[in-house]
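Here is a short report for a reader meeting this structure for the first time. Please keep the sequence and the 3D view at hand while reading.

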Amino acid sequence: MSDDTIRLVTIGRIIRRRWRLLTILTVVGALVGYGTSVLFPPRYTTSASVLLPGAWEERELLTQAEIATSSVVVDRVAATIGWPQVRGSGLRDQVSAKASDGNIIKISGTADTPERAQQLSDQVARQFVTFAARIAGDDTDPDAAAGPEALRQLVVQTSRRITELADAAGAGQTVESVQTRTELTKLRTALQEAVNKLEQVDPATEKANMVVMGPAARPTGEAPPTSIQLVVAGALLSFLLAVIGHLTAARMSRRLRTEPEIAAALGSPLLGTVDVPGERNANRPEGRGLAARIRRLLGTDVRWDVPAPQTSGDEASRQLRYRRVCARLRDRLPAPRRLLVVVPDGDDTARRAAGQLVTEAGGDPSVLRVVEVSVSRPMVPDREGESGALLVLSAGSWTAAELAGIAEACADAEYEMVGAVLAGTVRTRPTRSAGHPRDAAAPALAVGDDARRGSV
């Protein structure tokens, strides 16, 4: 699988063959999410809106949003609400503000209860409006509020006085009177222009008249992430990590799956592939003890990365594969001789294939002798008349180093590796009817009798 593309069928195989383990890990992840929600108490968030009348540019709105969460405003809020062991620096993380369409500053407050969240948002909005009004000079002092209007009245009175002085200067009969009237007219014009400019500036001063658009609504639900969200996130994360872990392990696996790879690792050719009917517990290794029981409970004692067995032909077609392997083996032997059939320890499929191969060879133990060899520390028994070794194994179960170790063990015992046979698990079909008998000729390997050799 290391070079295969990850497909949905691969993920489906993981779910089918590891559903117990995935279920347990998902439950554990949900419990971790629940524990996280207990450690971090629920939070509630609500918002209060402040309207800024007049024309505002975007950068000015962003500046006002920063002022709303400034330390000056938050410190005043902390002093006003009077929560124990709460200071302005602690409230800054619970307050946020952003500018939205329509010259509105949306101020949000987060607290551990709905009541506190509502109180916090309202207080921040009020303190922000008060502080912004003070910066713009919009004071609540009546004298200060009446200042611009008094200035207008003073300008009007001065303009009237100028008119009176101009009338008193005469009708312009002398040069001095003409000059006086001209200077007074210029002064009146300048005052009028000043009044016009003052009236144009007045609408801009309305920017300081911010309005809190009602109290903040009391939140009815927790702010994300809620307890349910944490539980679901923990379960989903555990499930995804388990699936990714399976895929990563399969990607990093060095088990050989293709015939060229196996032949290269052994240094001998493959004589063919034989089919072994699958059994319910054929791939489930036997074991005792607590660890083996836990593996059986979780379903980890059966490999998931082995493809589902394909449907094979009937018994006659499976026996035909064995006879063809026997025929290829006879062709490779210079003379009839006994062979040692080597099966990796723990490879149940290969062990069953070796037994069927002995049966097809005539069932004589003096022709083929089957031995199981440990893969971790391979040791082949001494020769008892055998001159060659035949390795029977299943694909996707062993690495190149393990197969090379078996080949070296055979060479160390002075066995010539004549080839290998690949065994695969298949699903069986219904048996043929009695009208299709099995071929009577079964080839033998180590005898020279033509009657036993037969033809394939």
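The text below walks through a sheet, its turns, the salt bridges and a few other local features.

The model is predicted. Every value given here is computed from it.

**The sheet**

Start with the strands. An open sheet is formed by 4 strands, in the order E2-E3-E1-E4. Their pairing is antiparallel. Which strands stand at the edges? E2 and E4 do, each with a single partner strand. One side of each is therefore left without a neighbour in the sheet.

Look next at one pairing. E2 and E3 run antiparallel to each other and are joined over 6 bridges. Within this pairing, Val95 has Gly109 of E3 opposite. Strands of a sheet pair through backbone hydrogen bonds, either parallel or antiparallel.

**The loop between E2 and E3**

Strand E2 covers residues 95-100 and strand E3 covers 104-111, with Gly102 in the loop between them. Is Gly102 buried or exposed? Its relative accessible area is 55%, so Gly102 counts as exposed. Gly102 and Leu51 are 51 residues apart along the chain. Their C-alpha atoms are separated by 8.0 Å.

Asn103 lies in this loop between E2 and E3 as well. Its phi is near 55°, a positive value in a residue other than glycine. Asn103 counts as buried because its relative accessibility is 18%, whereas Gly102 is exposed.

**Salt bridges**

How many salt bridges does a search of the whole structure find? The search finds 6.

| Residue | Partner | Distance, N to O |
|---|---|---|
| Glu57 | Arg59 | 3.0 Å |
| Glu115 | Arg218 | 3.7 Å |
| Arg318 | Glu315 | 2.7 Å |

Take Glu57 and Arg59. Their closest N and O atoms are 3.0 Å apart. Glu57 is partly exposed, at 44% relative accessible area. Arg59 has a relative accessible area of 57%, so Arg59 counts as exposed.

Glu115 and Arg218 also form a salt bridge. This pair links distant parts of the chain, 103 residues apart. Glu115 is in helix H6 (residues 114-136). Arg218 is in the loop between strand E4 (211-212) and helix H10 (227-252). Both residues are partly exposed: Glu115 has a relative accessible area of 42%, and Arg218 has one of 47%.

Arg318 and Glu315 give another picture. Their side chains meet in a salt bridge at 2.7 Å. Both belong to helix H13 (residues 315-332). They are 3 residues apart there, so about one helical turn separates them. Is Arg318 buried or exposed? Arg318 counts as buried because its relative accessibility is 7%.

Asp348, Arg351 and Glu372 are linked in it by salt bridges.

**Rings and a charge**

The count of aromatic pairs comes to 0. A ring does take part in another kind of contact. Which residue has its charged end over the ring of Trp83? The residue is Arg116, and its charged end sits 4.6 Å from the ring centre.

Val32 belongs to helix H2, which spans residues 19-39. Its relative accessibility is 51%, so Val32 counts as exposed. The cut-off for exposed is over 50%.

**Backbone details**

Some backbone features deserve a look. Pro224 and Pro225 are joined by a cis peptide bond, with omega about 0°. Where is Pro225 found? Pro225 is in the loop between E4 and H10. Arg218 of the salt bridge with Glu115 is in the loop between E4 and H10 too.

Glu414 is not a glycine, yet its phi is positive, at about 65°. Glu414 is found in the loop between helix H15 (400-412) and strand E10 (416-427). With a relative accessible area of 56%, Glu414 is exposed. Asn103, which also has a positive phi, counts as buried at 18%.

Notes:
Residues numbered from 1 in each chain as written. Predicted model: local features only at pLDDT ≥ 70, side-chain atom pairs only at ≥ 80, totals over all residues. Heavy atoms only, no water. Helix = DSSP H or I, 4+ residues; strand = E, 2+ residues; numbered from the N terminus. Buried < 20%, exposed > 50% of the residue type's maximum accessible area, 1.4 Å probe, protein only. Phe/Tyr/Trp six-rings, centres within 6.5 Å; stacked < 30°, edge-to-face > 60°. Lys NZ or Arg CZ within 6 Å of the ring centre and 35° of its normal. Salt bridge = Lys/Arg side-chain N within 4 Å of Asp/Glu carboxyl O. Pairing = 2+ DSSP bridges.
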